[in-house]
Each structure stands twice: as C-alpha cells, then as structure tokens.
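Hi,

Here is the structure I promised to pass on.

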Amino acid sequence: MKIKDLVYIALFTSMMIVLTCVITIPIGIYGYINLSDLLIMLLSSVYGFGPLVIIGGVGCALSDLFLGYSSYALFSFFIKSIESIIVVFFVKRFRPRFRFIAYLIGGLWMLVGYALSDAILGASFALMVPSFIANLPQALICVSAAALINIPFERFVGTKINETK
C-alpha cells in the first residue's frame, strides 16, 4: 500500500466522521439517523474490503464516541465493517445500474445489526422491532441517494483516485 492510498483512506475516514457528526437526527434511545451508509455505499465501487472496513468501521465508531453514544461505538464498528464487506461483495457482482440491490442488502444488514445491538444494550429482544423501524429512514435515504448518484460519483472519484497511482 502506497502513501497516497493511506492518505485517501485517512481523508475518507475523516469525511465519514464529519458526515456522520454534522448531519445527525436523534431518534430517542435508538441512536441517531446519519448519512454514513451513503458514503460506504458510494465508496464500495472505488475501494475493496480492507480500506472500506477502516473507513466505515473506524469512522462510524469514532463518530459515536464524539457524539456521546459510546455504548454503540463497538457495535457500530462491527456493523459498519460488515456492511462494507457485504456492499463491496455485491457491488462487484452487479452492473452499475443494478447496484441498488447491493445497497439494499447492505442497508438491510445495517437495520438488523442495530436492531440486535439495541436488543443487547436494552436487554430485551422486544426492542428489535422499534429499533428496526426507527433506523428505516436512514437506510431508505442512503440507499436511494446512493442509487441515484453512484455512477457519476464512481466516475469522478474513481478517476481522481486512479490518476494519482
């Protein structure tokens, strides 16, 4: 891995933190709605598993710490890391026009992951359904936005990253 690759990973990790911390809508005991999934979904066409796990997992875990949701930080690290792996895996198998399917699968994992984390943190599996519903707008917004802008994003960002190699 070259220095330029590390710089881009650090840049996108910090972008993940800013994107997650600046645009937040609290949803009660279930954390907050943010656009972190959008960046994971968009970067999945440019990066592989490794860099995206760092960008998504570390970026979101640090965001939770900065915003005072420390109980979610470890969960966010694993949920966003696994989401990154899932989305990259499926993005590589679909044409750009059909990548929304990969984004839907990643968004569904995020919903299930946070529903499980709320059940664990709240010591009750009864919290899974309200958590799933509370996080649904985030998944729908991020999947829709990623589906709309993934092709131009990949052309612009992918070209810029590959130019420097």
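So, how many helices and strands make up the secondary structure of the chain? There are six helices and two strands, and read from the N terminus they come in the order α-β-β-α-α-α-α-α. Both kinds of element are DSSP runs numbered from the N terminus: helices are H or I with at least four residues, strands are E with at least two.

Before the details, some ground rules. This is a predicted model, where local features need pLDDT of at least 70, side-chain atom pairs count only at pLDDT 80 or more, and totals for chains, interfaces and linings use all residues. Residues are numbered from 1 along each chain as its sequence is written, and side-chain values use heavy atoms, with hydrogens and water left out.

On confidence (pLDDT is the predictor's confidence in each residue, from 0 to 100), the chain has a mean of 92, and 96% of its residues reach 70 or more. The lowest mean, 86, belongs to strand β2 (residues 32-33), and the highest, 97, to helix α4 (residues 70-91).

Now the overall shape. The radius of gyration, taken over C-alpha atoms, is 15 Å, which agrees with the value near 15 Å for a compact globule of 165 residues. That rule is 2.2 Å times the number of residues to the power 0.38. Along the principal axes, the C-alpha atoms fill a box of roughly 50 × 30 × 25 Å. As for burial, 45% of the 165 residues count as buried; buried means under 20% relative accessible area, exposed over 50%, and partly exposed in between, with a 1.4 Å probe and protein chains only. Of the contacts (heavy atoms within 4.5 Å) between residues at least 6 apart in sequence, 71% join residues at least 24 apart.

One example of residues brought together is C21, in helix α1 (residues 3-22). C21 counts as partly exposed because its relative accessibility is 21%. Leaving aside neighbours within four places in sequence, C21 is in contact with S63, F66 and L67. C21 and D64 are 43 residues apart in sequence, yet their C-alpha atoms are 8.3 Å apart.

The other residue to look at is A123, in the loop between α5 (100-121) and α6 (128-163). A123 has a positive phi of about 55° although it is not a glycine. Most residues other than glycine have a negative phi. A123 is also exposed, because its relative accessibility is 71%.

Cheers
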